[in-house]
Amino acid sequence: MGTMTEGYEFYASETSYFSGKVRAYLRYKRIPFVEYLNTPDAYRTVILPRVGWPVIPVMVTPEGETLQDSSDIIDALELRFPEAPIYPSTPKQRLAGLLLEVYGDEWLKIPAMHYRWNKNYDFAIGEFGKMAAPELTGEAQREAGLKISKPYAGALPFLGVTPKTEAAIEKSYEGLLGELDKHFAVYEFLFGTRPSIGDFGLVGPLYAHQYRDPASGELMKRIAPNVARWVERMMKPPHPKGGEFLARDEVPETLIPVLARMMREMIPVLVSTAHHFAKWVAETPGAKEGTEPIPRAIGTHMFTLEGARDSRAIFPFDLWMLQRPLDYIASLTDEEKPRAAELLAAAGGDTFLDFPSFPRLTRKNFKLALA
Ligand SMILES: N[C@@H](CCC(=O)N[C@@H](CS)C(=O)NCC(=O)O)C(=O)O
């Protein structure tokens with residue numbers, strides 16, 4: 001730790017959601033990096049000693065600094081590589097980008113995990129086997145894949161993927177693909193010819209799970225070929241460090257249905273999460289002092305998707321992500337705020353401006369903590 005390294009070391013996997021988000025960013029920015037697979041050896045010698053828990057993606061900078069969480073990696077690199085910023089500077093595009101990052105990062109896990117573990121099971125086990133036991137082959141490697149995939153495949157009910165919701169998840173995801181297909185028939189990226197933070201958020205689920213997993217890739221290419229081509233552009237940028245955001249802060253009309261979908265599907269869950277989290281902090285001894293760690297999930301709540309209803313875990317981490325668009329709104333000037341409000345109103349999200357307050361979150365030592 002703290003020792004100099006040869007360049008940016010990126011611990012990641014082709015199968016991983018947030019690895020795809022960061023890899024696409026690194027390629028757009030032409031940041032020199034070497035990618036290392038998350039083998040057991042990498043967890044033992046690099047990831048666990050540096051981060052304290054098993055997770056990817058992890059970035060080790062040339063100075064030996066450790067970065068984790070895709071948003072923190074991107075933000076740290078934006079400071080080091082300021083050319084061609086991926087954050088639009090105008091209110092509507094920037095807010096839409098930050099919102100779609102949250103939607104891609106946290107909500108589209110639901111369809112991503114459903115399709116991977118319910119429709120691409122054999123492929124996924126094989127891929128996990130290659131990560132867990134690169135030295136083995138055949139049945140032995142498959143066994144290793146089965147073993148390490150358990151926590152991932154087992155996470156489905158926590159996310160709300162159950163027999164009661166599966167049909168609704170597919171309806172919602174196919175609806176989203178249809179909406180995005182119309183957009184990408186006209187535009188290269190969300191806001192023009194340059195990818196934004198929103199594009200990187202969306203490509204997390206839409207690359208590793210929904211494009212690269214074969215049954216999902218087949219579906220995407222069949223019903224949303226323009227989305228598949230956007231994924232390909234994200235992973236092989238046509239104008240690295242180039243392209244432009246649309247003039248006059250335009251957020252294309254074709255993105256309104258996508259934002260409306262987020263407002264309808266995800267925001268009610270986040271509002272409920274905010275209430276539960278405030279209550280958890282108030283009622284948990286040691287929470288405020290930081291002696292009681294914030295658990296990954298704090299109970300369960302009901303959610304509704306395309307008319308289906310079931311329960312899912314309540315994830316405080318989602319609120320840490322949501323602080324990004326909320327902080328941006330709070331930072332807007334009196335002239336800018338009405339433009340952000342206009343965008344939200346068009347997406348049926350007026351109430352987002354009055355999002356309930358909740359105890360502020362930060363990350364300390366790569367873990368969630370109260371600020
Ligand atoms: N929000 C984090 C999440 C990272 C994450 O969930 N990574 C997955 C693979 S894509 C993982 O390693 N999960 C292991 C775990 O969460 O225990 C990020 O943006 O980097």
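How much space lies in the second largest pocket? I looked this up and found about 230 Å³. I took a pocket to be an open set of points on a 1 Å grid over the protein atoms alone, where a 1.4 Å probe fits, with protein on both sides within 12 Å along at least five of seven lines; lining residues have an atom within 4 Å of a point. A volume is the space filled by probe spheres set on the points, which are joined across faces, edges and corners.

I noted that the model is predicted, that local features need pLDDT of at least 70 and side-chain atom pairs pLDDT 80 or more, and that totals for chains, interfaces and linings use all residues. Residues are numbered from 1 along each chain as its sequence is written, and side-chain values use heavy atoms, without hydrogens and water.

I then listed the lining of the second largest pocket: 13 residues, with Gly290, Glu292, Leu368, Ala369 and Leu370 nearest its centre. Strand β8 (residues 367-370) contributes the most, four residues; a strand is a DSSP run of E, at least two residues, and a helix one of H or I, at least four, numbered from the N terminus.

I turned to the largest pocket, which holds about 1,500 Å³ of space. Its lining has 45 residues, and Trp53, Val55, Lys109, Tyr152 and Arg296 lie nearest the centre. Helix α5 (residues 109-119) supplies the largest share of this lining, four residues.

Finally, I checked confidence: the protein averages a pLDDT of 97, and 98% of the residues score at least 70, on the predictor's per-residue scale from 0 to 100.
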